[in-house]
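Hi everyone, thanks for making time this morning. Let me put the structure on the screen, and then I'll walk you through it.

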Amino acid sequence: MKKTILFVAAIAWMAAISACSNTGKNAHNQGETTIVETQVADTQIDLKVQGACEMCKERIEKAAGEVPGVSSATWDLETKELHLNFDPDKTNPDAIAKAIAKAGHDTDNYKADDAVYNALPHCCHYRG
């Protein structure tokens, strides 16, 4: 009896995993009709953002990622460039740059407030 219950539970578990892995796909079949969900492509840009270490990277990416409409943000420590993907109907580069400056990091168009910058950990100070 225990083996039967375990077997049924294992089958149910596999079915649930299979169902979860199929959700969120952009296309699925219903009989002979294929339905494709389309999405407006994100805009991709690079912003110059000042920083000095991995802690800066985390802070910059978090600040950008919290702006509604930003789908991805990756900052490169060597090039000081933030690679962004965002929905232009929800945000714009100016709003993202302002959010990053509020977190303590200078961009080409916005300088972080001195008090916020000075409150960053010492390893994050990038101004010469």
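Before the sheet comes up, one definition: two strands count as paired if DSSP finds at least two bridges between them. Helices (H or I, at least four residues) and strands (E, at least two) are DSSP runs, numbered from the N terminus.

A word on the model itself. It is a predicted model, where local features need pLDDT of at least 70 and side-chain atom pairs count only at pLDDT 80 or more, while totals for chains, interfaces and linings use all residues. Residues are numbered from 1 along each chain as its sequence is written, and side-chain values use heavy atoms, with hydrogens and water left out.

So, the overview. The protein has 4 helices and 5 strands, and along the sequence they follow the pattern α-β-β-β-α-β-β-α-α. Of its 128 residues, 26% are buried; buried means under 20% relative accessible area, exposed means over 50%, and partly exposed is in between, with a 1.4 Å probe and protein chains only. For contacts, the cut-off is heavy atoms within 4.5 Å. Among contacts between residues at least 6 apart in sequence, 45% join residues at least 24 apart.

In what order do the strands of the open sheet run? The order is 3-5-4, with 3 strands and antiparallel pairing. Strand 3 (43-48) and strand 4 (70-76) are the edge strands, each pairing on one side only. On average, neighbouring strands here are turned by 15° against each other, direction ignored. For the angles, axes are lines fitted to C-alpha atoms, for helices over the stretch in contact, and angles run from 0 to 180 degrees between N-to-C directions.

Let's zoom in on one pair. Strand 4 and strand 5 (residues 81-86) pair in the antiparallel sense over 6 bridges. Helix 2 packs on the sheet, where it touches strand 4 and strand 5, and its direction makes about 160° with that of strand 4. Within the strand pair, Asp76 stands opposite Glu81, and Trp75 has Leu82 as its bridge partner. The hairpin has 4 residues between these strands, and Lys80 takes a positive phi near 60° there.

Glu81 is worth a moment. It lies in strand 5 and is partly exposed, with a relative accessible area of 25%. Which residues does Glu81 contact, leaving aside its neighbours within four places in sequence? They are Asp46, Leu47, Lys48, Thr74, Trp75 and Asp76. Glu81 and Gly51 are 30 residues apart in sequence, and their C-alpha atoms are 9.8 Å apart in space.

On to the charges. Side chains of opposite charge can pair when their charged atoms come close. The criterion for a salt bridge is a side-chain nitrogen of Lys or Arg within 4 Å of a carboxyl oxygen of Asp or Glu. How many salt bridges does the structure hold? There are 5.

One of them joins Glu61 and Lys57, at 2.6 Å from N to O. Both residues sit in helix 2 (residues 54-65), 4 residues apart, about one turn of the helix. Asp94 and Lys98 form another, with the closest N and O atoms 3.7 Å apart. Here too the spacing is 4 residues, about one turn, this time in helix 3 (residues 93-102). Asp94 is partly exposed at 33% relative accessibility, and Lys98 is partly exposed at 39%.

Next, Asp114 and Arg127 meet in a salt bridge of 2.9 Å, N to O. This pair links distant parts of the chain: Asp114 is in helix 4 (residues 114-119) and Arg127 in the segment after helix 4, 13 residues apart. Asp114 is partly exposed at 42%, and Arg127 is partly exposed at 26%. Asp106 joins Asp114 and Arg127 in a network of salt bridges.

Rings of Phe, Tyr and Trp (its six-membered ring) pair if their centres lie within 6.5 Å, and planes under 30 degrees apart count as stacked, over 60 as edge-to-face and the rest as tilted. Tyr117 and Tyr126 have ring centres 4.9 Å apart and planes at 75°, so the pair is edge-to-face. Both tyrosines, Tyr117 and Tyr126, are buried. Thanks, everyone!
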